[in-house]
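Please read the points below with the model open. They cover the charged pairs and then the sheet with its helices.

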Amino acid sequence: MTATDRSLELISTAAQAAADKLAHDVIAYDVSDVLSITDAFLLASAPNDRQVKAIVDEIEERLLKERGAKPVRREGDRESRWILLDYVDIVVHVQHSEERVFYALERLWKDCPELELPEEAKATRGKAEEHAKQHAEAGDEPGEEW
């Protein structure tokens with residue numbers, strides 16, 4: 001089994017929305033062969049809580065406006081360190097960069113096929129590392145609002 005066309009449309013729209021809000025390291029996996037509850041996961045991160053929330057808000061707005069999709073569940077709003085949007089067909093994870101490194105969801109899904117994303121979303125790969133390097137050179141401490 002592979003992700004449905006509907007799932008691929010949702011992933012593409014969500015990935016573009018995340019990229020437009022300057023998300024880091026946007027990636028998507030087809031998990032339909034290993035999970036029966038959803039077709040695909042989208043992962044994205046940001047260096048601070050406000051940006052995590054802005055990315056999630058943009059994804060929600062675009063999926064509703066362009067695809068008529070509303071999440072059936074939204075978790076993690078209070079801290080804005082890891083927000084999960086469950087659209088049944090897809091699940092979106094937007095994490096603070098520190099949570100992304102700590103939980104390393106990519107390791108869990110590395111055997112699943114990676115989904116094709118819009119060019120702008122692909123261009124986000126490596127941005128978290130680049131961002132951290134810039135702040136380290138500036139003498140900022142990890143965990144500060146970057």
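1. There are 16 salt bridges in the structure, which is a predicted model. One of them joins the side chains of Arg-67 and Glu-9, at 3.9 Å from N to O. Arg-67 belongs to helix H2 and Glu-9 to helix H1, so this pair ties together parts 58 residues apart in sequence. Arg-67 is partly exposed at 31% relative accessibility, and Glu-9 is partly exposed at 35%.

2. Arg-62 and Asp-20 also meet through their side chains in a salt bridge, at 2.5 Å from N to O. Here too the residues lie in H2 and H1 respectively, so the pair ties together parts 42 residues apart in sequence. Is Arg-62 buried or exposed? With a relative accessible area of 16%, Arg-62 is buried, whereas Asp-20 is partly exposed at 40%. A network of salt bridges links Asp-20, Glu-58, Arg-62 and Glu-66.

3. A further salt bridge pairs Arg-81 with Glu-98, with 2.7 Å between the closest N and O atoms. Arg-81 is in the loop between E3 and E4, while Glu-98 is in helix H3 (residues 97-103), 17 residues apart. Arg-81 is partly exposed at 22%, as is Glu-98 at 35%.

4. The open sheet has five strands in the order E1-E2-E5-E4-E3, with mixed pairing. E1 (24-30) and E3 (73-75) are at the edges with a single partner strand each, so one side of each has no neighbour in the sheet. From one strand to the next, the twist averages 10°.

5. E1 pairs with E2 (residues 40-46) in the antiparallel sense, over five bridges. Ala-28 is opposite Leu-42 in E2. Helix H1 (residues 5-20) packs on the sheet and touches E1, E2 and E5.

How values were computed
Residues are numbered from 1 along each chain as its sequence is written. This is a predicted model: local features need pLDDT of at least 70, side-chain atom pairs count only at pLDDT 80 or more; totals for chains, interfaces and linings use all residues. Side-chain values use heavy atoms; hydrogens and water are left out. Two strands pair if DSSP finds at least two bridges between them. Helices (H or I, at least four residues) and strands (E, at least two) are DSSP runs, numbered from the N terminus. Axes are lines fitted to C-alpha atoms, for helices over the stretch in contact, and angles run from 0 to 180 degrees between N-to-C directions. Contact means heavy atoms within 4.5 Å. A salt bridge is a side-chain nitrogen of Lys or Arg within 4 Å of a carboxyl oxygen of Asp or Glu. Buried means under 20% relative accessible area, exposed over 50%, partly exposed in between (1.4 Å probe, protein chains only).
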